Amino acid sequence: MTDASLTPQEERNKQLVRRIPEDVFGDGNLDLLEELYAADAVDRNAFGDQQGRRAIRASYEAFLDAFPDVSQTVVDIIVEGDTVAMFLVSRGTHTGELWGIEPTGREIEVQQMAFVRIEDGMIAERWFLPDNLSLLHQIGVVDFPPA
């Protein structure tokens, strides 16, 4: 669906979801989560579900503590009704603890996907799918077999 064919509501949904990589991570503005997520929202990822704004914020804080210089680039975004799919790339330097892994000082570039359901103008559910294997390889925790 091209931008020209988006309904006004779909355009608002697209802009809402873009605020996570651009404003929350881009500016480090975690207070913005209060405006973006419904009070009972669920954020789902490989490490389980975070229910509610407090748990979701803690998850974001943990990643920002590990990669305080993180930047996220939206590569593609698709909107259909109340669902937004986004492909993005995160870049940063591992200077804080991540999942019990001490800082390595290594730089990462990780592909990620997010599928977001909007309800009443706020994020109700988000399925976040990062390439954690690549991230762990880039910080030196996982070795890939020789090609």
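This is a predicted model: local features need pLDDT of at least 70, side-chain atom pairs count only at pLDDT 80 or more; totals for chains, interfaces and linings use all residues.
How many aromatic pairs does the ring rule give here? With rings of Phe, Tyr and Trp (its six-membered ring) pairing if their centres lie within 6.5 Å, and planes under 30 degrees apart counted as stacked, over 60 as edge-to-face and the rest as tilted, the count comes to five.

Residues are numbered from 1 along each chain as its sequence is written, and side-chain values use heavy atoms, with hydrogens and water left out.

Take Phe25 and Phe63 as one of the pairs: their ring centres are 6.2 Å apart and their planes stand at 90°, so the pair is edge-to-face. Phe25 belongs to helix α1 and Phe63 to helix α3, 38 residues apart, where helices (H or I, at least four residues) and strands (E, at least two) are DSSP runs numbered from the N terminus. Phe25 and Phe63 are both buried, meaning under 20% relative accessible area, with exposed over 50% and partly exposed in between, for a 1.4 Å probe and protein chains only.

Tyr37 and Tyr60 likewise have centres 6.2 Å apart and planes at 90°, so this pair too is edge-to-face. Because Tyr37 lies in strand β1 and Tyr60 in helix α3, the pair ties together parts 23 residues apart in sequence, and both tyrosines are buried.

Finally, Phe25, Tyr37, Tyr60, Phe63 and Phe67 form one aromatic cluster.
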